[in-house]
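Subject: Structure handover

Dear colleague,

Please find the structure below, followed by notes on what was found in it.

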Amino acid sequence: MAKVVVSGIAGCIGSWVALHLLSGGHEVVGLDFSEEHHRLRLLGIDGAFPLYRADVRDFDALRDHVRQAQPDAVIHLAAFQVPTCKARPLACVEVNVGGTLNFLELARSEGFPLVYASSAAVFGPDLGRTLGELEGLTPQNLYGVFKRTGEEMARIYAQDYGVRSAGFRPYVVYGPGRDVGMTADITLALLHAARGEPFHIRFGGTVALQHASDVARAFIAAALDPPEGARVYNLRGAVVAVPEIVALIERVTETRGLITHGTSPLPIAADISDAAFQRDYGPFAYKDLETGFRETLEVWRAGAHV
Ligand SMILES: NC(=O)c1ccc[n+]([C@@H]2O[C@H](COP(=O)([O-])OP(=O)(O)OC[C@H]3O[C@@H](n4cnc5c(N)ncnc54)[C@H](O)[C@@H]3O)[C@@H](O)[C@H]2O)c1
């Protein structure tokens with residue numbers, strides 16, 4: 001069994017990472033600067049592992065936690081999302097770039113492998129073909145630039161110091177606990193429809209959807225069996241046009257006309273290949289979208305009191 005330190009554990013993906021690690025009998029040490037634990041409560045695991053209040057900008061605090069925990073791997077998820085990066089670039093670079101640099105430096109000195117959240121936002125717009133890990137890397141916002149910087153820092157830490165790392169690039173994560181950021185609109189639309197309320201998804205086009213549970217399983221696979229050197233992995237999941245997503249929401253909630261959507265696509269290619277991830281950690285099966293939506297509604301109904 002492994003011991004894993006997880007930053008940003010109170011977030012959507014972090015809560016699912018904690019749930020799957022605990023279910024697998026692993027030891028979890030959580031770090032987050034927020035005391036808002038509604039996602040951990042929703043998944044029934046608040047209080048099930050030690051969770052320390054720590055800011056990933058604070059190198060000394062991270063070093064103390066890591067030395068205390070002596071982890072087999074660190075999963076670093078803490079970050080600000082796209083809207084915060086646009087509104088507050090200076091704060092965002094400190095958290096999204098500085099936080100990743102802090103963990104790379106600790107991976108170097110303490111000798112653990114690092115698994116970290118990059119993002120599909122490292123890609124630019126659709127190029128009319130399926131993109132591998134190293135094509136189309138023209139991020140269209142600061143959030144994507146900062147995520148790409150994290151990947152490049154990890155590459156240099158492998159080259160110069162032998163640090164082992166895996167960076168994952170989720171696209172639109174959905175499921176229980178997904179409630180922050182523009183692309184949370186898909187999950188929020190599903191929950192609004194289930195309550196009989198209208199909701200407007202602020203974008204159109206085609207997106208790649210991954211259930212938070214699947215994303216968490218991908219991070220854990222790499223943490224338990226880290227690659228040599230620095231790797232980055234695309235994820236794929238369900239590549240679907242937003243009008244089809246709306247139709248599916250209507251089907252699973254048995255509603256009609258409550259959910260509308262914008263017409264502008266996200267400036268991120270959705271047709272990206274996860275062949276490298278499947279080669280190193282596959283075969284990896286993603287939840288099909290209808291199952292993922294139905295399960296999201298079940299968790300939400302069961303946990304409506306939290
Ligand atoms: N959700 C998606 O669709 C998506 C897509 C691509 C990449 N990602 C990346 O995956 C990671 C996790 O995403 P999420 O959806 O769980 O996000 P989230 O916003 O739900 O959770 C992020 C967590 O990080 C914590 N955090 C933020 N700044 C911190 C700091 N300075 N110190 C300590 N904790 C801090 C927050 O309190 C929160 O609990 C992020 O790095 C995000 O950029 C998410």
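Backbone, helix packing and ligand shell

Proline 283 sits in the loop between helix H10 (275-281) and helix H11 (289-302); helices (H or I, at least four residues) and strands (E, at least two) are DSSP runs, numbered from the N terminus. The peptide bond from glycine 282 to proline 283 is cis, with omega near 0°.

This is a predicted model: local features need pLDDT of at least 70, side-chain atom pairs count only at pLDDT 80 or more, and totals for chains, interfaces and linings use all residues. Residues are numbered from 1 along each chain as its sequence is written.

Glutamate 254, in the loop between helix H9 (242-253) and strand E12 (259-261), has a positive phi of about 50° although it is not a glycine. Glutamine 70, in the loop between H3 and strand E4 (73-76), has a phi near 50°, also positive in a residue other than glycine.

Phe59, Leu62, Arg63, Val66 and Arg67 in H3 meet Asn102, Phe103, Leu106 and Glu110 in H5 (contact: C-beta atoms, placed from the backbone, within 7 Å).

The ligand is surrounded by 28 residues, and the closest are Gly8, Gly11, Ser34, Ala79 and Ala117 (a residue is near a molecule or strand if its C-beta atom, placed from the backbone, lies within 6 Å of it). Helix H1 (12-23), H5 and strand E7 (172-174) each supply at least two residues of this shell. H1 gives the most, with three residues.

Regards

Technical notes. Contact = placed C-beta atoms within 7 Å.
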